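Please keep the structure open while reading.

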Amino acid sequence: SSRFELLDISWFTACMEAGRPVDSELKYRLMDAFEVMAENYEFKENEIFCLEFLRAASVLKFLPFPVTKMKDIQGLPCMGDRVRDIIEEIIEEGESSRAKEVLNDERYQSFKQFTSVFGVGVKTSEKWYRMGLRTLEEVKADNTLKLSKMQKAGFLYYEDLVSCVSKAEADAVSLIVKNTVCRFLPDALVTITGGFRRGKEIGHDIDFLITNPGPREDDELLHKVVDLWKKQGLLLYCDMIESTFVKEQLPSRKVDAMDNFQKCFAILKLYQPRVDNSSYNMSKKFHTEVKDWKAIRVDLVITPFEQYAYALLGWTGSRQFGRDLRRYANHERKMILDNHALYDRRKCQQPGIRFRNRKGCWLLLYQTLVPLAGV
Ligand code: CTP
Ligand code: MN
Ligand code: MN
Ligand code: MN
């Protein structure tokens, strides 16, 4: 029997020991098809089917061997019937008729366009689609629509925001964030998280985690930072989410837990050195302005120092890795992991205290918090 029968982390470890992931053209074709299927199920709010394809895609991504025939995926986790059908068709026909159908589907195409706007999710897309709208042009032309502040910014900076953020841009923004934060808290730690911390070369935004080692906390820090940017004319949009941390509340057991940290979803103006001299000269000649900046999506999250390690783990992602890690904690280790802490579930189930009992259990959970090594 194959060693890949082991599930989750043990399976992942086995893969890592077996060698580096092997890339092949077929593998990318499979992963692309899975991603299209997952996205379509997301648009249909079918979370179970969506996750099935996302998991299958991440299993394939890390396989240390190429997939060329059905036998290669024998014993692999997360290969349900829906997934196998698609693999089989791609191996035999070179493409998946189902994925192709989705790509040609009018609803999928509209949702894909709608959700590419910052602030537009599946719910809004559904509403627009029901109203008969099909393209972004139609949405923009419809002036009966009431757009949120976020969606207005999404349309205003659409071109900049859909063009990906480069590593160089991330480094430039990182300097700005660090400089601004350290003006107010010189010892603060500012760490880039998200895709860029995972070593990706491009991203759709830049994520930062801020914490202050030692006892000093500053609840106003994030406000001071964005106020300064506002004064400097660098802040194009800002959605401040205040901390919702409630001591009596149990950790969320949902697989896709949001956390309770104070955070800010912002759009920053990043000035860029002018590269194209000809258009600059043209603009001088015709007295038109050349845009010398790019709108960049930035997420800022601030955490108490004792929760920093967990926040860093959660915000580093990927989303799928986070889901799997939380699933592993819960099912294999009887623990609960979220962006605030790791809790030991077994130590809560003491006589007289039911796990679902909200108040009593929270205190116990906190006493049995298991810190990660190397915080
Ligand atoms: N995340 C989180 N809690 C939130 C929002 C996001 O833990 N309230 C996590 C996500 O699960 C993800 C990471 O923070 O793993 C970064 O989120 P995001 O910027 O959306 O994704 P990236 O992996 O950075 O990819 P991209 O390049 O598209 O930004
Ligand atoms: Mn990101
Ligand atoms: Mn993302
Ligand atoms: Mn983000």
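## Contacts and overall make-up

In this predicted model, 65% of the contacts in the protein between residues at least 6 apart in sequence join residues at least 24 apart. The protein has 375 residues, and buried residues make up 27% of them. Its secondary structure comes to 17 helices and nine strands.

## Helix H6

Helix H6 covers residues 106-114, and its buried residues are Ser110, Phe111 and Phe114. These three residues span an arc of only 100° around the axis, so they are on the same side of H6. The cover over the buried residues of H6 includes helix H2 (25-43) and helix H7 (122-130).

## The shell around ligand 1

Ligand 1 is surrounded by 15 residues, and the closest are Gly194, Gly195, Gly203, His204 and Gly317. By kind, the residues of the shell are two nonpolar, nine polar and four charged. The helices in the table each supply at least two residues of the shell around ligand 1.

| Helix | Residues | Supplied to the shell around ligand 1 |
|---|---|---|
| H12 | 194-197 | at least two residues |
| H15 | 308-316 | at least two residues |
| H16 | 319-333 | at least two residues |

Key: Residues numbered from 1 in each chain as written. Chains lettered and ligands numbered in written order. Predicted model: local features only at pLDDT ≥ 70, side-chain atom pairs only at ≥ 80, totals over all residues. Buried ≥ 20, exposed ≤ 12 C-beta atoms within 10 Å, placed from the backbone. Helix = DSSP H or I, 4+ residues; strand = E, 2+ residues; numbered from the N terminus. Arc of directions from axis to C-beta. Contact = placed C-beta atoms within 7 Å. Near = placed C-beta within 6 Å. Nonpolar A, V, L, I, M, F, W, Y, C, P; charged D, E, K, R; others polar.
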